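Here are my notes for you, written as numbered points. Keep the model open while you read, and take the points one at a time.

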Amino acid sequence: MTQSISTAPPNATALFGKDDPAPLRTVSLGEKDFDAAVAKLSSANEQLGLALAPDEIHYLVKAFVSGGKDVGAAEALGRDPTDVELFMFAQVNSEHCRHKIFNADWTIDGQRMPNTLFGMIRNTHKLHPEHTISAYSDNAAVLDGSDANHFAARARDAPITRYEAHYEAMPILIKVETHNHPTAISPYPGAATGSGGEIRDEGAVGQGSKPKAGLVGFMTSNLLLPEPSAPESGPKARQPWEQDVGKPSHIASALDIMLDAPLGSANFNNEFGRPGLGGFWRTWCQRVPMEGPEGSTEIRGYHKPIMLAGGMGNVRPGHAIKQAITPGSAIIVLGGPGMLIGLGGGAASSMASSASRAALDFASVQRENPEMQRRCQSVIDACTASLDAPNPIVSIHDVGAGGLSNALPELVHDSGCGGRFEIRKVLIDDPGMSPMEIWCNESQERYVLAVSQSELTRFESVAKRERCPYSVVGVATEELRLVVTDSLLNSTPIDLPMATLFGKPPKIARQSKHSSPPRYPFDTTLKTYLGSATDISAAVTEAFDRVLRLPTVGSKSFLITIGDRSITGLVARDQMVGPWQVPVADVAVTRTAYGFDDALAGEAMASGERTPLALLDAAASARMAVGEALTNLAAASVPNLKRVKLSANWMCAASHGDEGARLYDAVQAIGLDLCPKLGLSIPVGKDSMSMKMGWQEQGAQREVTAPLSLVITAFAPVDRIDRTWTPQLRADVDEETVLLFVDLAGGKARMGGSALAQTFEQLGREAPDVESADVLKGFFEACATLKALEVQGRTDHSLIMAYHDRSDGGLAATILEMAFAGHVGVNVNLDTIPGGGKDPVAALFNEELGAVMQVRARDVKAVSAVLSSAGVPAEALHVIGQMVPSTDEQQIHFTAESRPVFSGTRHDLQRAWSETSWRMQALRDNPETASSEWALIGPQSHGLNTISFQLTFQPGAEFALETLPTPEAPLDSRPKVAILREQGVNGQLEMAYAFTAAGFCAIDVHMSDLITGRVTLGDFVGLAACGGFSFGDVLGAGSGWAKSCLLNPKARTELSAFFTRNDTFALGVCNGCQLFSQLGQAGLIPGAEQWPTFKVNESARFEGRLCMVEVDEGPVTSKSVFLRDMVGSRLPAVIAHGEGRASFKDRADQDAVESSGLVGVRYVEHGAPKGQGTTRYPINPNGSPNGITAVSTPDGRILALMPHPERGISAESMSWKPAGASEAWKGRGPWLQMFQSARTWVG
């Protein structure tokens, strides 16, 4: 499904006309002639884009017209197949769904190999199944997690649904997959539905589960940035190593993909309500030597991009495994409705892309509707939350590739059942669809599930409350047969034995032979590329200049700030680091459950990939992917390596050249060797075996083939979320600190496949590799030990002050990124590294495994002892430099052989590192705001965008009303707050916990409860309207919700009565703020008639940031229910919105609001005078006048604000805080004060 722009007014009939239902079709095979039937089916295979292999065509002919016994049936069906049956079979048995290459028998270099690829992956789990609950058998793998208080809305006393905690085990679920083909065709919906499909996988584990945090990664060919229309001084936008090799006309360019696809992925996550906490972006396209006549080359790159979506979640322990479906159970499709979008995606993504099949490519792209998926997840959450009643969901699957044609048969087949379905009970929005299109379309945001007949009524009541579409489409049957009837056309589109659909066509056999393409060493003097007169200082300077501008190395800020990184309030480590929010974090960390210093368990995830290395040594590339994932994950407090589990995502053009042999080498390297040595298992993963793009250009065949690409994502439970290391070099100690380099490569400095080599259009000859599994294992265990050690008498108790692994860009990028995050200078002596003085380019830019730690000089011996005792050789440890005390100069110096080889300033280098992100942001967003942000990268050690805490109160101070429920004082005896939400709202849980933690009883109130009269507000003292995307914000932010309140008499009456009572308070946050502003202007909130509405951010983009705000001093704020104890404070606030720009009807309204003291909070610059708001982007992320971001009613009872205080009630939820703050604040965050003040006001 793609969009188009029309130059003429649309025709209403064409847009909204309804067609008659299209007919059921059959494919005539004939009755007896086997070869003729094969020819006819082969022709249909090509026309319909089924991607059936020859053996599958033979299998189907036998099933329908001859030889039924050969395919598991008593006899052949003796009829022609319908188009529904053929399309369904093609999707169910596609490479995408069945992973035939990974289950194939392999012959390499003429020798029959003993293992399948999947067998070698499974070997890791066979050897190390501990701590894995479920592997290879569900939509995601399930791991042992931590025990914690599971906080949820539980319907105990209908119609009241109360938020409460229940202490129990919290298993972790993990999943990573790709959506490469759709992203190449139509980047925004391709990436959006890629993330959406992976989120559904996380929600459809066992009997229902809950997604928690996500990541996204991209690999594209060269970016080829356009030169700006106005001449610029300095480097050009297009980089010297980037060559334009052409592309098919129907495929998006790398630039188009990276302008649109990240928005699609981010916006889906934002609207669904899942924080995006990690990822990567690699650009790579290069002409490389190939085996053949001298001078033979081929183009390798990512014209078929990689779009990787992954994440983790939790599932309640009793719901982790699917239960057996009993015959007679109701089979339900949840979500929808179905439309003619995404037809044949499973098959299309299993084939190499080419211009000749453009129509099939376009037909296979889906469209996203995250608000619908949010509603579906709300139904799942409600079904799984109950403590008093059983979960009505017996088993659940998501609807993905192949649509219902794959999901419904798989659901019943997994329980050893058949199914009988009526196709006209499937909810659709296009009555003109044929039976094949209804059954096989890949409309997103749907789940299929089984519910026993006795629980059906309860399930239906939940779905209706959430306004989530559903349909009971059939029942499970004891007979192992799949029957689909059509009551409208009076036909039977499908009537097949389950054994025919899920039978085993002949197992495929694959052959491949290693080639030996010429490879040439990379010249680390750079004279071969820059000229023989180039001295070492000039060479190093040029190397820095190029590498920092390579997108793989440079800042990814433009990819990060478009995503919500705070939703749920359970995020403990996002990508942005330090008081200047620099995107350099190694690992993503979430909190297992809500709490403070009593709830520090969590989960961590980190990625690793070194794909260009596969063209040199596929096995080394795979090992390095594992190694990088672990050195990233080591920043989190993972108690031991045994708790780590890996996802492996394999992308390859398996039929190209020797790629099959390389694939086998790579899988064998980690499946049979490295992972067993490390004690790791791979319980989940995915493969995409069609990573090739071909097209005709000027009569010549062109093609670009991706290198074998393995992305490893490491997941693990965390014992202490407050012990996560970050790369920020710290200057807040009054003693000498040094940089300790841990070399995990045994002194090797291989340059093959490096970022530096790429920037000179070179590949190199030798690939970095994991030199010793024992040393890597010891390093990881030593990091765990170092986190567990506490040094008494220090603010932060830790021996390690900063940490960053060595990866893309080498040691140079590692050290610079640490300096960027800390706004400091560094002095580095390469003579301390063996060989570093003689070959500084290799020392700085090789990408072997390693890490840099900031350590107090007096602690070096202690840290070295811990590393050495764990098995890291003493000769691998090198004190390579010192941090320069923070000044406005912030010089970066590298010396070799006692001579300077490079000098620069932190801000100049950071601007080079950030340049690609700035250029992309300027092309995609408002160029003025993009330049405003880039201009803030200056020489000042504490610039205008510095984050700090200047508080007029003490977080964590004793609060008498914050008590845990007891039998004498149960939860429902507390003052009640209505946590109000509408369809699409996603921030209710953290809001409910904020009020619960402050001593309230939080009650879940859906707008449907008010509209139907199930719930009234008379017994409530407080009301909180939560953040999210009500009705998808399609009518404008909060507008649909406002109409829901204003146009429904019962809801309007309830809200009006509540707002006018003097003994109540109300809080509107983000979407709730947008709602309140419109209710105020409509006269429903007394004193809010002149409030602003909130419009699209000045950047024209969603903004996820941490911004400095000030609580205004004034008579209204001083009596505010929420803000009176915070007056005058300056502190960072969590920002996550796309429409937060305060817009008054006229200047008179703005003046009236400000002069009356109704402004509660403003965005402020570092060092600005009291009360002076700012409009400077991104310090002010939306362009609101005078920095206005919160407004109050004159009596201080009702507050509307765009920042998210409920996401800042925990110290660990603040992306940055001073060292020692967590302990001093007892785990509380500063924004908890708002909710405690409200509780005190109630009394």
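1. Some ground rules. The model is predicted, so local features need pLDDT of at least 70 and side-chain atom pairs count only at pLDDT 80 or more, while totals for chains, interfaces and linings use all residues. Residues are numbered from 1 along each chain as its sequence is written, and side-chain values use heavy atoms, with hydrogens and water left out. Helices (H or I, at least four residues) and strands (E, at least two) are DSSP runs, numbered from the N terminus.

2. Back to α2 (residues 34–48) and α3 (residues 54–64): their axes are 9 Å apart and the packing angle is about 120°. That makes the pair oblique. Axes here are lines fitted to C-alpha atoms, for helices over the stretch in contact, and angles run from 0 to 180 degrees between N-to-C directions. Under 35 degrees counts as roughly parallel, over 145 as roughly antiparallel, 65 to 115 as roughly perpendicular, and the rest as oblique.

3. Who meets whom? On the α2 side look for Phe34, Ala37, Val38, Leu41, Ser42 and Asn45, and on the α3 side for Ile57, His58, Leu60, Val61 and Lys62. Contact means heavy atoms within 4.5 Å. Sorted by class, this contact has seven nonpolar, three polar and one charged residues. For the classes, Ala, Val, Leu, Ile, Met, Phe, Trp, Tyr, Cys and Pro are nonpolar, Asp, Glu, Lys and Arg charged, and the others, Gly among them, polar.

4. Now try α12 (residues 370–385) with α15 (residues 456–465), whose axes come within 9 Å and cross at roughly 135°. This pair is therefore oblique, and its crossing is right-handed. Val379, Ala382 and Cys383 of α12 meet Phe459, Val462 and Ala463 of α15. The classes here are six nonpolar, no polar and no charged residues.

5. Is Ser1099 buried or exposed? Ser1099 is buried, because its relative accessible area is 0% (buried is under 20%, exposed over 50%, partly exposed in between, with a 1.4 Å probe and protein chains only). You'll find Ser1099 in the loop between β41 (1093–1095) and β42 (1103–1111). Leaving out residues up to four places away in sequence, Ser1099 touches Asp925, Asn926, Thr929 and Tyr1177.

Key
Left-handed = near helix turned anticlockwise from the far one by under 90°.
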